[in-house]
Amino acid sequence: MAKLLSDLRTNVRTYLDEANVTDFTAAEVDYSINYAYHYLVTKIVEVYEEFYLTVAPRTYSTLANIQEYVLSTTFLKIERVEINYKPSDANNSPLRASPVKIDEFPLNLGNTNLGGGGVFNAGYYLIGSQSVQEIGFVPIPTEAGTNNISVWGIEAPSDLSASTDPVLIPYPDMFAQIIAKYAAGQLLKKGQQAVKFANDLITEANGDILNMQTFISERQSDGPRMIADSAYEDI
């Protein structure tokens, strides 16, 4: 059963011991919930980032002789990039692009053509902060296309705003409570109202996070976790 923003609001006000708006406004509660929500997401990403991997790629369209394109601001990490350099050719397949550093450009600029004109090596790079992030390609696309760039990656969920918005975390029936505890703890520090109780809630939430991370990491594989001995030594 999914947990919604409305559930979190109720849980937070239970910890605050106020069923109706008195000391804490609805806007304050939602702000603290979203802060705690994104904090919990970062802790999930530490052990199970694939939970936030795009199921379908985000697509972008090339313009002739334009190297860089604006990416979605939700991307925390890029996992895979494909680009079709000849979208005008129905038989041409997209290429998987490899990450390239800016200082590696001179080595990659020559990797443009093979035979008559098929690209045999594609590279991409990222520039800018998350809010203005752009992806660039080497070689530079020479044809305009429609959705001929595909990007898969780890994406941060959006803020919860509507009461029916679902909480996007693993096993929300168990772990959504962490958000409520953390949010309530932050709110109870407002005006030094109940600092000790606030710190107790935040400490309890951080302990719950460690238990959650252990639970999630155990669920990722049906095999045992182990150390890989690449040097063939007895460890």
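1. A nonpolar core here is a set of buried Ala, Val, Leu, Ile, Met, Phe, Trp, Tyr and Cys residues joined through side-chain atoms within 4.5 Å. Buried means under 20% relative accessible area, exposed over 50%, and partly exposed in between (1.4 Å probe, protein chains only).

2. Note the basis. This is a predicted model: local features need pLDDT of at least 70, side-chain atom pairs count only at pLDDT 80 or more, and totals for chains, interfaces and linings use all residues. Residues are numbered from 1 along each chain as its sequence is written, and side-chain values use heavy atoms, with hydrogens and water left out.

3. The chain has 5 helices and 7 strands. Helices (H or I, at least four residues) and strands (E, at least two) are DSSP runs, numbered from the N terminus. Their order along the sequence is α-α-β-β-β-β-α-β-β-β-α-α. Of the 235 residues, 38% are buried.

4. The largest nonpolar core holds 35 residues. Val12, Ile33, Leu40, Ile169, Ile179 and Met212 have the most contacts inside it. Two or more residues come from each of α1 (5-16), α2 (26-48), α4 (172-188) and α5 (195-219). The largest share, 10 residues, is from α4. A second, separate core has 15 residues, including Tyr60, Ile78, Tyr124 and Val151.

5. Contact means heavy atoms within 4.5 Å. Leaving aside neighbours within four places in sequence, Met212 is in contact with Leu40, Lys43, Ile44, Phe175 and Ile178. Among contacts in the chain between residues at least 6 apart in sequence, 72% join residues at least 24 apart.

6. Now the α1/α4 pair. These helices pack at an angle of about 45°, with axes 9 Å apart. That makes α1 oblique to α4. Axes are lines fitted to C-alpha atoms, for helices over the stretch in contact, and angles run from 0 to 180 degrees between N-to-C directions. Under 35 degrees counts as roughly parallel, over 145 as roughly antiparallel, 65 to 115 as roughly perpendicular, and the rest as oblique.

7. On the α1 side of this contact, the residues are Leu8, Asn11, Val12, Tyr15 and Leu16. Among their partners in α4 are Ala176, Ile179, Ala180 and Leu187.

8. Ala180 is worth a look in the viewer. This α4 residue is buried, with a relative accessible area of 0%. Beyond neighbours within four places in sequence, Ala180 is in contact with Leu8, Asn11, Val12 and Tyr15. The C-alpha atoms of Ala180 and Asn11 are separated by 5.9 Å, although the two are 169 residues apart along the chain.
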